[in-house]
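Have the viewer open while you read.

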Amino acid sequence: MSAILNLIGMTLILGVMFLFSNGKKHIKWKMIFKALIAQFVLCLIFIKLPTGIWVIEKISDAFILVLGYGRTGLSFVFGPLIDIEKSGFIFLFQVLTNLIFFGALVNVLSYLGILGFVIKVIGSAVGKIIGTTRVESFISVANMFLGQTESPLLISKYLSNMTKSEIFVVVVAGMGSMSVSILGGYNALGIPMQFLILACTMIPFGSIIMSKILYPEQEEVAITSKLEIDRKQAGCNVIDALGNGAMDGIKLVSAIAASLVAIVAMVALVNGILSPTGLTIEKIFGWIFYPVSYFMGLNGEYTDFGAQLLGSKLVLNEFVAFSELAPALQSMDYRTQAVLCIAISGFSNIGSMAVCVASIGSLFPPKKQVLAQIIVRALLGAFSLNLFNAFMVGLVLSFG
């Protein structure tokens, strides 16, 4: 039954993408079909095949090992504040501070050219498989590793020549992604790293599927040569890159902490105002997203909960949703854990619209008007991307 529900859910998402498409006659269905097949095969490999499962486990173990090294630096600076047993749970120190080390590490890997090389190799393979342009292939793969503010930096010098459809891919992939620098924070909340890694691997094909239905190419593609990455954007040397990455991490910690204080307090305020009616924001979200949660094929007791998580993720952010999900994971079966973790992954929330317009617009101001025109449709695509990936994972896990 759950497999049938997942198939219906996937079909409905593709139908909604087609309904809101700005160029139905220009959709390249052959490309979409190839991307769908590739995405499904990828799911089978990483969920069902022993080799694929082993790869995900090893990558997950590597992330956790690196996270442990990062805690050495945090312990030196913050002492017992990062130890739950000694200080109790303090979100700022035990979750958000992980982003400082990961930000530094990612920036160093960018400077050394390692990250760029991996992105170009995988991006080239994606382009050959489904026929996307060089920019689209590159940026969709970049968002396996980088977030909505970092990945556009890699193609900033090409923005002036990019078509609206290519820019749309940049925005959808960015809002639907999770930067590896932030995975440590999610994991510190109690979210299994293997689900986070799996969600990241599904970004390239998923973002192309949603983007190329919602906003198909209708212009002449100008960028046909190989993309060159300026790795020195990360810094003038390794030490500079390390410092810049750490400072970016601190900025990210500050931004997330500030937004969470405001968001959580605002939710409490609104719930207080609604208290005479017996309503809460959580209940309202539960009603709105119940049909979507139902098509995930969750156990009955988790359908309402899943709907609330989706609402929290869209209106608030994924950190709020993950913090609500983490305590309940132990009581769930494996399939329910995987589906919910992947459904609420990614930066696809209302606040991300402003972040994307500001960050990409600052790189090339003339494109800011284009961004403003496409941003609402892009949020729909990014949010649907995460849901579609969750449906597909649920479908694969429904068999055996």
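Which residues in α16 and α20 meet each other? On the α16 side they are L310, K313 and L314, and on the α20 side L379, F383, N386 and L387, where contact means heavy atoms within 4.5 Å. Sorted by class, that contact has five nonpolar, one polar and one charged residues. For the classes, Ala, Val, Leu, Ile, Met, Phe, Trp, Tyr, Cys and Pro count as nonpolar, Asp, Glu, Lys and Arg as charged, and the others, Gly among them, as polar.

A word on ground rules: this is a predicted model, with local features needing pLDDT of at least 70 and side-chain atom pairs counting only at pLDDT 80 or more, while totals for chains, interfaces and linings use all residues. Residues are numbered from 1 along each chain as its sequence is written, and side-chain values use heavy atoms, leaving out hydrogens and water.

Helices here are DSSP runs (H or I, at least four residues), numbered from the N terminus. Axes are lines fitted to C-alpha atoms over the stretch in contact, and angles run from 0 to 180 degrees between N-to-C directions.

| Helix pair | Axis angle | Axis distance |
|---|---|---|
| α16 (residues 300-316) and α20 (residues 368-397) | about 145 degrees | 12 Å apart |
| α3 and α6 | roughly 115 degrees | within 9 Å |
| α2 and α20 | roughly 55 degrees | within 10 Å |

α3 and α6 are therefore roughly perpendicular to each other (65 to 115 degrees). The α3 side of their contact is F63, V66, L67, G70, R71 and L74, with N98, F101, F102 and L105 coming from α6. By class, that makes seven nonpolar, two polar and one charged residues.

α2 and α20, on the other hand, are oblique to each other. L36, Q39, F40, C43, L44 and I47 of α2 meet F388, N389, M392, V393, L395, V396 and L397 of α20. No charged residues turn up in this contact, which has eleven nonpolar and two polar ones.

Now for the second largest pocket, which holds about 770 Å³ of space. A pocket is an open set of points on a 1 Å grid where a 1.4 Å probe fits, with protein on both sides within 12 Å along at least five of seven lines; lining residues have an atom within 4 Å of a point. This one is lined by 28 residues, and I59, F63, V118, M144 and F145 lie nearest its centre. Elements giving two or more residues to the lining include α2 (29-47), α3 (50-78) and α6 (98-111). The largest share, seven residues, comes from α7. The lining divides into 27 nonpolar, one polar and no charged residues.

Conventions: Grid points are joined across faces, edges and corners, and a volume is the space filled by probe spheres set on the points. Angles under 35 degrees count as roughly parallel, over 145 as roughly antiparallel, 65 to 115 as roughly perpendicular and the rest as oblique.
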